[in-house]
Amino acid sequence: MNSNFTLDRRHGKIMGVCAGLSNRTGLDVTLIRVALVLLTLCALGPIGVAAYLLAGWLAEG
């Protein structure tokens, strides 16, 4: 488990945010991707998309 959040563009699909979260938490990247999609569709809506883009823009990578 990594101590800092960084993007993982090598293993990422779009910006590397989910892969970076996977490295940070130790969870499977597929689980994080599915959870993010479900949260965005069912609860967060456009706020989830904006948070993803903001995390990808602000994080080190």
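Tutor: Leu39 counts as partly exposed because its relative accessibility is 45%, where buried means under 20% relative accessible area, exposed over 50%, and partly exposed in between, with a 1.4 Å probe and protein chains only. This is a predicted model, in which local features need pLDDT of at least 70 and side-chain atom pairs count only at pLDDT 80 or more, while totals for chains, interfaces and linings use all residues. Residues are numbered from 1 along each chain as its sequence is written, and side-chain values use heavy atoms, with hydrogens and water left out.

Leu39 lies in helix H2, which covers residues 29-44; helices are DSSP runs of H or I with at least four residues, strands are runs of E with at least two, and both are numbered from the N terminus. Together with Leu44 and Ile47, Leu39 forms a nonpolar patch on the surface, with about 280 Å² of accessible area in total. Such areas come from the Shrake-Rupley method with a 1.4 Å probe, and for residues only the protein chains shown count as cover. A patch is made of residues with over 30% relative accessible area and no salt bridge, like charges being joined within 9 Å and nonpolar side chains (Val, Leu, Ile, Met, Phe, Trp, Tyr) within 5 Å; a salt bridge is a side-chain nitrogen of Lys or Arg within 4 Å of a carboxyl oxygen of Asp or Glu.

Thr40 also has its place in helix H2, but Thr40 is buried, with a relative accessible area of 17%. Leaving aside neighbours within four places in sequence, Thr40 is in contact with Gly45, Gly48 and Val49, contact meaning heavy atoms within 4.5 Å.

Helix H1 (residues 17-25) has Val17, Cys18, Ala19, Gly20 and Ser22 as its buried residues, and these pack against H2 and H3. After H1 comes Gly26, whose phi is positive, near 85°.

For the protein as a whole, the secondary structure comes to three helices and zero strands. Buried residues make up 25% of its 61 residues, and the C-alpha trace spans about 30 × 20 × 20 Å along its principal axes.

As for confidence, pLDDT is the predictor's confidence in each residue, from 0 to 100, and its mean over the protein is 81, with 90% of residues reaching 70 or more. Confidence is highest in H2, at a mean of 88, and lowest in helix H3 (residues 46-58), at 83.
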